[in-house]
Number of protein chains: 2
Amino acid sequence: MTSEFALIDAIARRVRRARVHTRGVVVGIGDDAAVLRVSVHEDLVVTTDTLVEGRHFERGWLSSRAIGWRLAAVNLSDIAAMGATPRFALVSLVLPRHVRAASAEQIEAGAIAHLARHGAVVVGGNVASTRGALVCEMTLVGVCRRGRAWRRRARAGDAIVVVGALGAAAAGVVRLKRGVRRGSLVGAYRRPTPRLATAAVLAGNPDVHGAVDVSDGLSSDVIHVCEASRLGCDVNAEALPVARDVRRFCAARGRSPIEWALHAGEDYALVLSVAPKRAGEVCRILERAGEPAVVVGRFTARPGRYRLVEGGRARRFEPGGWDHLKA
Amino acid sequence: MTSEFALIDAIARRVRRARVHTRGVVVGIGDDAAVLRVSVHEDLVVTTDTLVEGRHFERGWLSSRAIGWRLAAVNLSDIAAMGATPRFALVSLVLPRHVRAASAEQIEAGAIAHLARHGAVVVGGNVASTRGALVCEMTLVGVCRRGRAWRRRARAGDAIVVVGALGAAAAGVVRLKRGVRRGSLVGAYRRPTPRLATAAVLAGNPDVHGAVDVSDGLSSDVIHVCEASRLGCDVNAEALPVARDVRRFCAARGRSPIEWALHAGEDYALVLSVAPKRAGEVCRILERAGEPAVVVGRFTARPGRYRLVEGGRARRFEPGGWDHLKA
């Protein structure tokens with residue numbers, strides 16, 4: 001984990017040292033997206049995310065169109081994690097010689113189609129060539145009501161609510177590496193669901209104190225929230241939303257589905273910190289909106305104490321997500 | 001040229017077919033930057049540009065810090081070409097294993113320093129790893145007064161005003177390829193000047209009808225303006241701003257400095273379309289602001305007729321810029 005986050009910290013320090021006036025920057029480096037104030041009523045939410053061939057996918061795993069669809073998904077997920085509405089996208093492609101223009105157009109088509117489903121539109125971008133790997137990048141701009149963006153924050157006692165399921169996409173990656181090209185696990189990797197319906201029904205809801213999307217793994221992303229808010233957490237192992245296919249996948253490999261769900265990234269589930277007495281009501285609101293939501297634990301007033309509670313016994317857990325620099 | 005622009009056209013058609021509501025999109029795909037309306041008083045101007053190792057630079061040509069500086073320059077130039085003020089940047093790095101974290105931090109440091117000089121700040125970004133080439137990408141958000149962004153447009157009769165000089169950066173690339181690491185030409189490649197002072201003194205000036213930055217080559221970028229406005233152009237060969245070093249460079253290689261200036265990209269000079277009777281005054285305003293400006297020709301009411309006038313004789317010229325897909 002360390003190197004990517006260490007680099008981001010170093011960058012944040014350099015930005016502070018540059019002492020440029022940061023008027024308009026509500027949230028800078030270090031959250032799911034930046035929040036910018038350019039208007040009286042609305043804040044802008046801006047994020048960028050990248051898919052790199054050989055790193056986030058291999059050729060043969062995804063059609064060109066599916067690459068574009070997933071590129072949109074990972075960016076839409078960041079906008080959802082801010083409680084915002086996606087609006088405008090820039091798509092940037094760095095194309096190796098073996099990628100034909102028709103494939104590049106299909107990547108764009110997949111991104112355009114997925115964005116359109118959520119009311120967002122491609123307004124620009126860039127195309128370059130390379131002797132190296134295919135790199136697909138999107139910058140996505142969303143809007144939310146002024147001051148209402150969800151940060152990576154929680155309050156002591158808040159319920160940890162997970163929207164979506166855990167572990168399926170990572171299991172799909174294992175399947176793909178072994179040559180399997182079909183099935184629900186592969187589908188979970190190919191088409192993760194950005195939780196924009198959650199953002200839509202809960203935006204501005206005062207019971208939601210913060211949010212983060214699970215890109216690196218639940219353990220790692222929940223610990224980010226704890227660190228940012230000087231809290232600890234108790235996670236209830238039995239409550240983790242693990243699909244039956246994932247349990248079967250783990251059983252066949254002698255793996256613990258709990259550990260898998262805790263440390264697997266790539267699903268883009270959403271973690272909300274919710275006022276404890278309102279967690280049931282928030283889950284009901286989400287279920288009515290078609291979003292699968294469950295309380296998996298709570299944030300505690302014990303900074304640095306991260307516990308997994310299983311069969312009545314608690315043990316410490318560590319972040320176990322995927323480092324985008326080292327992996 | 002064809003393939004990159006053909007791809008961009010295909011993408012623009014797909015965006016239109018997606019029929020997502022484009023409320024707020026003042027300028028979409030195809031200009032130096034997109035223009036978005038999210039506020040009553042100001043428009044947002046958003047651009048993205050990429051530097052790819054092995055394509056836009058080779059290792060040894062630029063220090064890590066200089067890569068970041070140039071990354072900021074090419075994006076700042078797009079904001080200048082819209083007559084806007086840069087504000088917020090996202091920096092995305094795709095790092096090969098041989099690039100250490102310290103180098104990545106230096107790339108960011110170069111970008112942060114150059115942005116700070118123009119009052120802009122890094123608010124986020126992304127870091128990923130690759131087995132391929134180093135890819136550095138920036139998305140830059142600027143602001144301008146509502147409805148006042150400069151488009152790639154001109155009116156018949158407008159003077160063509162070039163701000164900055166032509167051909168030095170491309171000559172610098174030739175020098176670098178031959179192992180030369182110093183001198184004014186190499187410096188022109190390493191540290192192009194984004195023409196933000198031009199944007200600052202002329203923003204909202206009704207005599208300026210449009211602008212484009214010269215990233216692909218004057219011939220190619222002026223023809224873009226002509227095509228977008230259904231115009232032709234007469235360019236005066238003798239008026240092209242070619243530095244003495246570039247003339248010497250061309251003389252030593254038996255090349256025409258005119259052709260070199262016409263077709264070389266990478267300088268990020270600015271082309272303004274200016275009301276003909278006001279061109280002298282606009283050049284004086286620019287000179288007072290320290291921006292070297294000169295009238296090099298005019299846009300004509302003859303769509304598709306692109307002429308270079310030299311020694312009293314006119315001949316047709318073709319776009320000769322750099323295709324980022326083919327080169």
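In the predicted model, Arg70(B) and Glu266(B) form a salt bridge in which the closest N and O atoms are 2.5 Å apart (a salt bridge being a side-chain nitrogen of Lys or Arg within 4 Å of a carboxyl oxygen of Asp or Glu). Helices (H or I, at least four residues) and strands (E, at least two) are DSSP runs, numbered from the N terminus. Both Arg70(B) and Glu266(B) are buried, where buried denotes under 20% relative accessible area, exposed over 50%, and partly exposed in between (1.4 Å probe, protein chains only).

Residues are numbered from 1 along each chain as its sequence is written, and chains are lettered from A and ligands numbered from 1 in the order in which they are written. Local features need pLDDT of at least 70, side-chain atom pairs count only at pLDDT 80 or more, and totals for chains, interfaces and linings use all residues, while side-chain values use heavy atoms, with hydrogens and water left out.

Over all chains, the search finds 32 salt bridges. Among them, Arg151(A) pairs with Asp31(A), with 3.4 Å between the closest N and O atoms. This pair links distant parts of the chain, 120 residues apart: Arg151(A) is in the loop between strand 6 and strand 7 (159–163) of chain A, and Asp31(A) is in the loop between strand 1 (25–27) and strand 2 of chain A. Asp31(A) also forms a salt bridge with Arg152(A), the closest N and O atoms being 3.9 Å apart. Because Asp31(A) lies in the loop between strand 1 and strand 2 of chain A and Arg152(A) in the loop between strand 6 and strand 7 of chain A, the pair ties together parts that are 121 residues apart in sequence. Arg151(A) is partly exposed, at 30% relative accessibility, whereas Asp31(A) is buried at 12% and Arg152(A) is buried at 15%. Salt bridges that share partners join Asp31(A), Asp32(A), Arg151(A) and Arg152(A) into one network.

Between the chains, 68 residues of chain A are in contact with 68 residues of chain B (heavy atoms within 4.5 Å). The two chains bury about 5600 Å² between them, 65% of it on carbon and sulfur atoms; buried area is the accessible area (1.4 Å probe) that two parts lose on being put together, summed over both. In chain A, Arg14(A), Val123(A) and Val127(A) lose the most area to chain B, together 10% of what that side buries. Four salt bridges are counted between chain A and chain B. The side chains of Arg14(A) and Glu105(B) meet in a salt bridge at 2.9 Å, N to O. Strand 5 of chain A gives the most to the side of chain A that touches chain B, with 10 residues.

No disulfides are found over all chains, a disulfide being a pair of cysteine sulfur atoms within 2.5 Å. The sulfur of Cys136(B) is 17 Å from the closest cysteine sulfur, in Cys136(A), too far for a bond. Cys136(B) is buried, at 0% relative accessibility, and Cys250(B) is likewise buried at 0%.
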